[in-house]
Amino acid sequence: MTGTLTTRRVLGAVLVVVAAGLAVAATFLSAYSVQVVVRGQTLRFEATSWVVERDDFREVLLLEPLEFGQPAVGAALVMALAAVLAFRIPALRVGSLLGAGLLAGVAWAAVSRIQGLLKGLGEIDSPVPIEVEQGEGVTLLIVAAGVAVVAAVLHQELPRADQAEPDGDGVVVHQIDDEADDTDTPPYGYPVIVEPKSD
């Protein structure tokens, strides 16, 4: 049982580090883009979670980065430290859960922000359609959050249902009734011969 749980814990730790790496990488990819085609000319806005990569609107539309870089990197740092340090201090495995929860919250907030942006731009009385597209950065962030949650659960080394109660050490104890019975197994596994006392 110990070997299996240790394997699960190591796998969980590796996946936690992978999820942390994905989360950091997601912050440098495109978070979202807005595109408008006017008289055959394409105007486009692109931003990561840190900076604006392209802005053809020249501040006509008030657009900005989603700014989920810092909390995503913070969650990744917490998860990575928990995965590494938990081998020496097992109680720190809870850090992977906290980091995964924070990362899931960041992913949810990023998607909600894009949905809000889509709704806000849809309310603008524009003669041309405005296209809002979720970038690969947010998609990767969602994937990282999913991997992080699964990894954090594995990292906790929770016992499986069939192993909830620890097995015995192999010792079997038989209780023999007080009253003697020929069907009972003798204490040493074989009958003890008692010779009658001679007068």
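The following legends describe close-up views of a predicted model.

View 1. Ala26 belongs to helix H1, which covers residues 2–26. With a relative accessible area of 0%, Ala26 is buried. Apart from neighbours within four places in sequence, the residues in contact with Ala26 are Phe68, Gly137, Leu140 and Leu141.

**View 2. The largest pocket and its lining.** The largest pocket holds about 160 Å³ of space. Its lining consists of Val36, Val38, Leu43, Phe57, Val60, Leu61, Ile124, Ser126, Pro127, Val128 and Ile130. Sorted by class, the lining of the largest pocket comprises 10 nonpolar residues and 1 polar residue, with no charged residues.

**View 3. The salt bridge between Arg44 and Glu46.** The model contains 3 salt bridges, one of which joins Glu46 to Arg44. In this pair, the closest N and O atoms are 2.5 Å apart. Arg44 is classed as buried because its relative accessible area, 16%, is under the 20% cut-off. Glu46, by contrast, is partly exposed, at a relative accessible area of 22%.

**View 4. The salt bridge between Arg54 and Asp56.** Here the side chains of Arg54 and Asp56 form a salt bridge, with an N to O distance of 2.9 Å. Arg54 has a relative accessible area of 36% and is partly exposed. Asp56 is also partly exposed, its relative accessible area being 26%.

**View 5. The salt bridge between Glu64 and Arg113.** Glu64 and Arg113 form a salt bridge in which the closest N and O atoms lie 3.1 Å apart. This pair connects distant parts of the chain, the two residues being 49 residues apart. Glu64 is situated in the loop between strand E3 (52–55) and helix H2 (69–85), whereas Arg113 is part of helix H3 (residues 94–122). Glu64 is partly exposed, with a relative accessible area of 43%. Arg113 likewise counts as partly exposed, at 36% relative accessibility. Neither residue is classed as exposed, because that class requires a relative accessible area over 50%.

Key
Residues numbered from 1 in each chain as written. Predicted model: local features only at pLDDT ≥ 70, side-chain atom pairs only at ≥ 80, totals over all residues. Heavy atoms only, no water. Helix = DSSP H or I, 4+ residues; strand = E, 2+ residues; numbered from the N terminus. Buried < 20%, exposed > 50% of the residue type's maximum accessible area, 1.4 Å probe, protein only. Contact = heavy atoms within 4.5 Å. 1 Å grid on protein atoms, 1.4 Å probe; cavity = no way out; pocket = protein on both sides within 12 Å on 5 of 7 lines; lining within 4 Å. Points joined across faces, edges and corners; volume = space filled by probe spheres on them. Nonpolar A, V, L, I, M, F, W, Y, C, P; charged D, E, K, R; others polar. Salt bridge = Lys/Arg side-chain N within 4 Å of Asp/Glu carboxyl O.
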